[in-house]
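Subject: Structure handover

Hi,

Here is the structure for you to look over.

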Amino acid sequence: MVIFGWRTTIEQLRMLTLVCGNCHHQSAHNLFRRYTKPTIFFIPLFTISSRYGLQCTFCGVQYDISKMHAHQLV
């Protein structure tokens, strides 16, 4: 019997001070990378999807951003 599944991991890249587009407050934003890997017997194999995003710490809204934009912010 083979145990197969998916593992999604969120990696924090940096904390930035920006103006939120939702609440319009200047607050800290968490820049993160979320990636998904298939697993066999609980061992992650390779990355099949990767997405970048920003989360406002004041109101909690999350924005998806492009890889190029994330690398410019880092």
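The notes below cover the salt bridges.

This is a predicted model, in which local features need pLDDT of at least 70, side-chain atom pairs count only at pLDDT 80 or more, and totals for chains, interfaces and linings use all residues. Residues are numbered from 1 along each chain as its sequence is written, and side-chain values use heavy atoms, with hydrogens and water left out.

The structure holds three salt bridges. The term means a side-chain nitrogen of Lys or Arg within 4 Å of a carboxyl oxygen of Asp or Glu.

E11 pairs with R33, with the closest N and O atoms 3.6 Å apart. E11 sits in strand β1 (residues 4-19) and R33 in strand β2 (residues 26-40), 22 residues apart. Strands are DSSP runs of E, at least two residues, numbered from the N terminus. E11 is partly exposed at 32% relative accessible area. R33 is also partly exposed, at 21%. Partly exposed lies between buried (under 20% relative accessible area) and exposed (over 50%), with a 1.4 Å probe and protein chains only.

R34 meets D64 at 3.7 Å, N to O. This pair links strand β2 to strand β5 (residues 62-65), across 30 residues.

R51 also bridges to D64, with the closest N and O atoms 3.1 Å apart. R51 lies in strand β4 (residues 49-56) and D64 in strand β5, so the pair ties together parts 13 residues apart in sequence. Shared partners join R34, R51 and D64 into one network.

Best wishes

Definitions and conventions:
Helices (H or I, at least four residues) and strands (E, at least two) are DSSP runs, numbered from the N terminus.
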